[in-house]
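My entries follow in the order in which I looked.

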Amino acid sequence: MKVDGKHFRTIWLNEDGFSVDIIDQRWLPHEFRVVIVETVEGIATAIRDMWVRGAPLIGVTAAYGVALQMREDASDAALEKVWHELNETRPTAINLRWALNEMKRVLLPLPVAERAQAAYRRAAEIADEDVELNRSIGRHGLEVIKTIAAKKKPGERVNILTHCNAGWLATVDYGTATAPIYLAVEAGIPVHVYIDETRPRNQGAQLTAWEMAGHGVPHTLIVDNAGGHFMQHGMVDMVIVGTDRTTANGDVCNKIGTYLKALAAHDNGVPFYVGLPSPTIDWTVQDGVKEIPIEERSADEVSYVQGKAASGQIAVVRISPENSPAANPAFDVTPARLITGLITERGIAEASPEGLKALFPERVKSAA
Ligand code: MRU
């Protein structure tokens with residue numbers, strides 16, 4: 001997508017041909033910074049400390065991390081080591097393990113001397129594939145928006161609520177939850193997006209709002225607790241979110257607070273959709289609440305907030321008493337029964353084993 005009129009992806013190969021350029025998202029919306037990462041340790045830090053974030057982008061970044069490793073040492077032992085090192089950086093987003101497995105699948109059968117080149121090639125392909133998956137999700141999600149728009153008076157806008165950032169910044173380009181929104185805008189459908197601020201790290205306020213503003217999408221930032229109120233008053237036509245891991249049963253793990261939005265949507269008859277590229281499906285797990293590991297992040301993310309001070313400096317301020325402990329589970333699980341549909345690259349699946357099986361028969365057979 002565009003930043004000040006120039007097209008950017010969130011990650012790309014540096015012109016030196018080996019290091020990796022990323023948008024360092026920690027400073028948005030106040031500063032747009034691109035940084036160059038040259039080592040596996042740098043990649044691990046960028047993922048763990050959320051310079052890059054969002055399940056699909058985490059996966060692509062890890063794939064480039066493997067490529068950087070292969071350039072230094074492409075032995076089986078080094079491949080195994082980098083797999084473990086990067087897999088531990090963020091435990092919930094399954095795209096990370098998916099991408100690392102994919103790199104291993106491609107590289108292990110090759111002679112050591114050929115692995116570095118093949119690793120860069122496959123990492124670039126995974127990035128390109130992500131863009132295509134999101135475009136397809138966009139096309140299928142657009143049909144849902146069109147159907148809602150068709151029931152409205154001419155010119156009346158479709159109100160969409162989203163949580164966290166499942167936009168282009170969370171992927172390589174377009175986003176999952178946002179791709180249908182961008183396509184709806186392109187198609188001339190009047191849309192308006194309610195953006196949950198998404199405490200503790202405020203990905204909604206800092207990233208989704210920046211994306212929507214950058215692309216001229218009408219939007220309103222709301223506090224996390226306001227969504228239920230807007231739904232009760234008929235001001236939300238649909239909810240669309242992303243996911244970090246979806247089970248074979250259709251349970252959806254996503255940013256903390258998603259579950260509460262799904263409950264409010266269910267209580268108010270508001271359709272609740274999830275934008276979902278297939279690498280985010282973990283075919284090996286069934287019950288999301290019992291089986292998905294939930295990343296526990298630093299309590300400081302709850303106790304402090306970052307913003308731009310009146311001086312123009314980016315500042316971090318404490319918002320709670322010095323001695324109040326805080327807990328910070330980064331994700332929660334929305335049970336399949338609360339989900340209207342999973343918008344995948346192959347179409348919209350019912351959130352159920354049968355629904356996913358119908359769209360991905362080959363993956364269910366191999367359960368991998
Ligand atoms: O902790 P984050 O910012 O990586 O969490 C991101 C989300 O929860 C997104 O909704 C999810 O990764 C899907 S991104 C297309």
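I began with helix H5 (residues 112-150) and helix H6 (residues 179-186), which pack at an angle of about 65° with their axes 7 Å apart; axes here are lines fitted to C-alpha atoms, for helices over the stretch in contact, and angles run from 0 to 180 degrees between N-to-C directions. The model is a predicted one, in which local features need pLDDT of at least 70 and side-chain atom pairs count only at pLDDT 80 or more, while totals for chains, interfaces and linings use all residues. Residues are numbered from 1 along each chain as its sequence is written, and side-chain values use heavy atoms, with hydrogens and water left out. Helices (H or I, at least four residues) and strands (E, at least two) are DSSP runs numbered from the N terminus.

I noted that H5 passes H6 in a right-handed crossing, meaning that the near helix is turned clockwise from the far one by less than a right angle. On the H5 side the contact (heavy atoms within 4.5 Å) includes Asn134, Arg135, Ile137 and Leu142, and on the H6 side Ala179, Pro180 and Leu183 are among the residues that make it. By class, I found 8 nonpolar, 3 polar and 2 charged residues in this contact, with Gly counted among the polar ones.

Next I looked up Tyr174, which is found in the loop between strand S6 (158-162) and H6. Leaving out residues up to four places away in sequence, Tyr174 touches Met1, Val131, Asn134, Arg135, Gly167, Trp168, Ala179 and Tyr182. The side chains of Tyr174 and Arg135 are joined by a polar contact of 3.1 Å, a polar contact being a pair of N or O atoms within 3.5 Å, where within protein one must be able to donate a hydrogen and the other to accept it, and residues adjacent in sequence count only if both atoms are side-chain atoms. Cys164 lies in the loop between S6 and H6, and its phi is near 65°, a positive value in a residue other than glycine.

What surrounds the ligand? I found 19 residues (each with a heavy atom within 4 Å), the closest being Ala55, Arg90, Gln203, Asn254 and Lys255. A polar side-chain atom of Lys255 lies 2.7 Å from an oxygen atom of the ligand, and an N or O atom in the side chain of Asp244 is 2.9 Å from a ligand oxygen.

Last, I checked for cis peptide bonds and noted the one from Leu28 to Pro29, with omega near 5°, and the one from Arg199 to Pro200, with omega near 10°.
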